[in-house]
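Each label attached to a structure rests on a value and a cut-off.

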Amino acid sequence: FTLTKDASVTGNGIDLAKLYCDPDVFSGSGNSTWKVTQETGNYYIRIDAFSGHVYVREESGYPKTIYLDGWCWKKHPGDPRNNWDPATAMPLYRQGTSNVYAGTLYVLPWAGDFKLFAVSETNPEISQMMIKSKYFENLTPFDDSGIKFPIPGGDGAYYKVSVDLKDGFTWNKETMDGENYTLVPANNKKFTLTFTEL
């Protein structure tokens with residue numbers, strides 16, 4: 001679907017007031033009309049009218065969107081997602097014209113690990129376009145590819161995830177980094193990642 005920034009959205013035969021309103025893409029939670037707050041683009045949208053869960057993902061990939069996949073996270077506590085699944089990866093959206101990408105998610109109490117990708121699962125090159133942890137300077141890596149979630153207190157917690165890709169990057173598809181294309185950070189700058197509990 002094409003979503004247009006600032007446009008109003010209603011459900012055709014579905015009451016949006018009863019559905020999960022992704023705060024990274026829409027405003028209007030609890031209302032039958034939502035407003036698109038994210039940039040205009042091509043979005044994949046899946047609605048489960050029985051559970052009330054809505055999954056939304058912008059499809060173009062980097063530099064507009066990057067994607068987080070892993071386990072021990074959900075968009076909200078009622079989200080049926082439980083494990084690694086690129087079809088339900090978390091989109092992190094570019095903030096204005098910066099190279100900062102952000103989104104909100106719910107981390108389960110036992111935390112876990114995740115990986116970042118430059119394209120969505122609809123791109124056949126997804127497995128070659130991972131943004132590996134070795135390109136970051138301020139995080140707890142799981143290995144040279146994966147990253148550990150923070151461990152929240154209690155039953156879990158909402159976090160804002162913010163990935164700063166500094167001056168951006170390009171891919172060298174002629175030289176492989178294992179099974180990955182070689183990521184080339186602009187100006188050789190290390191990336192940073194922060195989790196802010198909400």
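The questions and answers below concern a predicted model.

Q: Why is the pair of tyrosine 106 and tyrosine 158 called edge-to-face?
A: The ring centres of tyrosine 106 and tyrosine 158 are 5.1 Å apart and the planes stand at 70°. Rings pair if their centres lie within 6.5 Å, and planes over 60 degrees apart count as edge-to-face, so tyrosine 106 and tyrosine 158 form an edge-to-face pair. This pair links distant parts of the chain, with tyrosine 106 in strand S10 and tyrosine 158 in strand S14, 52 residues apart.

Q: What makes the rings of phenylalanine 149 and phenylalanine 195 an edge-to-face pair?
A: Their centres lie 5.8 Å apart, and their planes make an angle of 65°; with pairing set at centres within 6.5 Å and edge-to-face at over 60 degrees, the pair is therefore edge-to-face. Phenylalanine 149 lies in the loop between strand S13 (147–148) and S14, while phenylalanine 195 lies in strand S17, so the pair ties together parts that are 46 residues apart in sequence. Phenylalanine 149 is buried, with a relative accessible area of 5%, and phenylalanine 195, at 22%, counts as partly exposed. A search of the whole structure finds 13 aromatic pairs, and Tyr62, Tyr101, Phe136, Phe169, Trp171 and Phe191 form one aromatic cluster.

Q: How do you know that strand S10 pairs with strand S14?
A: Two strands pair if there are at least two bridges between them, and eight bridges join S10 (residues 100–107) to S14 (residues 157–164), the two running antiparallel. Within this pairing, valine 107 has alanine 157 of S14 as its bridge partner. S14 is also joined, by six bridges and again antiparallel, to strand S17 (residues 192–197), where leucine 193 is the bridge partner of valine 163.

Q: Why are S2 and S3 said to stand at the edges of their sheet?
A: Three strands form an open sheet in the order S2-S4-S3, with antiparallel pairing. S2 and strand S3 (26–27) each have a single partner strand, so one side of each is left without a neighbour in the sheet. The pairing of S3 with strand S4 (residues 33–36) rests on two bridges in the antiparallel sense, and at least two are needed; in S4, lysine 35 is the bridge partner of serine 27.

Q: What is noted about phi in aspartate 6 and cysteine 72, and how does the accessibility of each residue classify it?
A: Aspartate 6, found in the loop between S1 and S2, has a phi near 75°, a positive value in a residue other than glycine. Cysteine 72, found in the loop between S7 and strand S8 (73–74), likewise has a positive phi, near 75°. With the cut-offs at 20% and 50%, aspartate 6 at 48% relative accessibility counts as partly exposed, while cysteine 72 is buried, at 0%.

Q: What makes glycine 52 buried, and which residues does it touch?
A: Glycine 52 has a relative accessible area of 9%, and since buried means under 20%, glycine 52 is buried. This glycine is found in the loop between S5 and S6 and touches Lys18, Leu19 and Tyr20, not counting residues up to four places away in sequence. Glycine 52 and lysine 18 are 34 residues apart in sequence but 6.4 Å apart in space, C-alpha to C-alpha.

Q: Which residues and elements line the largest pocket?
A: The largest pocket, with about 280 Å³ of space, is lined by 17 residues, of which Val9, Thr10, Leu16, Ile45 and Ile47 lie nearest its centre. Two or more lining residues come from each of strand S1 (2–3), strand S2 (8–10), strand S5 (41–48) and strand S6 (53–58), and S5 gives the largest share, three residues. By class, the lining has twelve nonpolar, four polar and one charged residues.

Notes:
Residues are numbered from 1 along each chain as its sequence is written. This is a predicted model: local features need pLDDT of at least 70, side-chain atom pairs count only at pLDDT 80 or more; totals for chains, interfaces and linings use all residues. Side-chain values use heavy atoms; hydrogens and water are left out. On a 1 Å grid over the protein atoms alone, a cavity is a set of points where a 1.4 Å probe fits but cannot get out, and a pocket is an open set with protein on both sides within 12 Å along at least five of seven lines; lining residues have an atom within 4 Å of a point. Grid points are joined across faces, edges and corners, and a volume is the space filled by probe spheres set on the points. Helices (H or I, at least four residues) and strands (E, at least two) are DSSP runs, numbered from the N terminus. Ala, Val, Leu, Ile, Met, Phe, Trp, Tyr, Cys and Pro count as nonpolar, Asp, Glu, Lys and Arg as charged, and the others, Gly among them, as polar. Buried means under 20% relative accessible area, exposed over 50%, partly exposed in between (1.4 Å probe, protein chains only). Contact means heavy atoms within 4.5 Å. Rings of Phe, Tyr and Trp (its six-membered ring) pair if their centres lie within 6.5 Å; planes under 30 degrees apart count as stacked, over 60 as edge-to-face and the rest as tilted.
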